[in-house]
Amino acid sequence: MIDIPHIASSCKLYNLHTHTQFCDAHAPMEDFVTTAIDAGFTHLGFSPHGPVPFETNFNMAKADVPSYINEIERLRKKYGDKINIYASMEIDYLGDYGPSNSFFDTIPLDYRIGSIHFIPAFDNPNKFVDIYGNFDSLKVKMGKYFHNDVERVVRTFYSQSMAMIEKGGFHMIGHFDKFGYNASMLKPGIEQEPWYKKLELDEFQSIMDHHLIVEINTKAWEKHQRFYPDARLFALLKKYKAPVVFNSDAHSPSKLNAGRLEAMKMYENA
């Protein structure tokens, strides 16, 4: 694995969570590289949504993995004297399938991001449902798959997160409280409830126990003024000296630095 804490502490212009044309990004990888170089970035890590055993509109196909690695190598040869380019994947945890799956051992990745995007439907544990997307879509899913039970969805999300951490196979945890924003839209004030705070703290303790790097994901800052984890948790991260990295989760080149410098400033002042 590359030394992520060193990169994060030695420079400000980097991004280690960047999507690609092989998943749901809006531009070719080369456009991200040239934009990063023009902006003065010194490190760029690509992290397409890894393959999953069912069809989605954002995960890369297993058949595209060789093409992705070949493109990494091509870009390194072309731009390696100007920027450090890394190969990663944002890998979904689905119970028996996740970052620890042996399939990912066959891919020459510099690091792995473990994330939760799916949880099992309440009446069909073999049906995994994406709990993000736009709010109107989420409301439909809440009724169709989750009985409109927001608390149970939150508890399931954190249970899946904890199980992923226990199984391991990754280095950085991606946007570990991301569902909190959607949960707050469904039930305002839910993140301030004691049981919710306990779930956050329990997961944070597990993250620390397993020596994971915490991503401060800045993707939603411009639109929602929200980071993942939320800024209210920054003081806790600093108290426990958790290794953090500021990533924009960029899906287009223009968003490579979106929210990152704002997050760094807020973190410094926490």
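At what angle do α5 and helix α6 pack, and how far apart are their axes? I'll come back to that pair in a minute. First, the ground rules. What we have here is a predicted model, so local features need pLDDT of at least 70 and side-chain atom pairs count only at pLDDT 80 or more, while totals for chains, interfaces and linings use all residues. Residues are numbered from 1 along each chain as its sequence is written, and side-chain values use heavy atoms, with hydrogens and water left out.

Okay, the sheet. There's an open sheet of seven strands, in the order β1-β2-β3-β4-β7-β8-β9, and the pairing is parallel. Strands, by the way, are DSSP E runs of at least two residues, and helices are H or I runs of at least four, both numbered from the N terminus. Two strands pair if DSSP finds at least two bridges between them. The edges are β1 and β9, each pairing on one side only.

β1 pairs with strand β2, residues 43–46, in the parallel sense over three bridges, and N15 stands opposite L44 in β2.

Now jump to the other end. Strand β7, residues 172–173, is joined to β8 by two bridges, again parallel, with M172 opposite I213 in β8. Then β8 and β9 pair in the parallel sense over four bridges, and there I216 faces F246 in β9.

How many of the five residues of β8 are buried? Five of the five, so β8 is largely enclosed by the rest of the structure. Buried here means under 20% relative accessible area, exposed means over 50%, and partly exposed is in between, using a 1.4 Å probe and protein chains only. In a regular strand the side chains alternate between the two faces of the sheet. In β8, I213, E215 and N217 are on one side and V214 and I216 on the other, and both faces are covered. β9 has both faces covered too: V244 and F246 on one side, V245 and N247 on the other, all buried.

So what lies across these strands? Helix α10 lies across β1, β8 and β9, running at about 150° to β9. Axes are lines fitted to C-alpha atoms, for helices over the stretch in contact, and angles run from 0 to 180 degrees between N-to-C directions. The helix covers residues 260–269, and R260, A263, M264 and Y267 are buried. Seen down the axis of α10, those buried residues fall within an arc of 100°, so they line one face of the helix. That arc is taken from the directions from the helix axis to the C-beta atoms. The face turned away from the buried side carries K265 and N269, which are exposed. The cover over the buried residues includes β1, β8, α9 (234–239) and β9.

Back to the opening question. α5 and α6, residues 179–186, pack at an angle of about 175°, with their axes 10 Å apart. That makes α5 roughly antiparallel to α6; the cut-offs are under 35 degrees for roughly parallel, over 145 for roughly antiparallel, 65 to 115 for roughly perpendicular, and oblique for the rest. On the α5 side we have V150, V153, V154 and F157, meeting F179, A183 and L186 in α6. By class, that's seven nonpolar, no polar and no charged. For the record, Ala, Val, Leu, Ile, Met, Phe, Trp, Tyr, Cys and Pro count as nonpolar, Asp, Glu, Lys and Arg as charged, and the others, Gly among them, as polar.

Then there's α7. Helix α5 (residues 150–167) and helix α7 (residues 194–209) pack at about 10°, with axes 10 Å apart, and are therefore roughly parallel to each other. This contact has eight nonpolar, two polar and six charged residues. Among them are E151, R155 and Y158 from α5, and W195, E200 and D202 from α7.

S115 lies in strand β4, residues 111–115, and counts as buried at 0% relative accessibility. Leaving aside neighbours within four places in sequence, S115 is in contact (heavy atoms within 4.5 Å) with E90, I91, D92, Y93, M164, G174 and H175. The C-alpha atoms of S115 and I165, 50 residues apart along the chain, are separated by 9.8 Å.

M29, in helix α2 (residues 29–38), also counts as buried, at 0% relative accessibility. Its contacts beyond four places in sequence include F22, F46, Y68 and I72. E71 is 42 residues away along the chain, yet the C-alpha atoms of M29 and E71 are separated by 8.0 Å.
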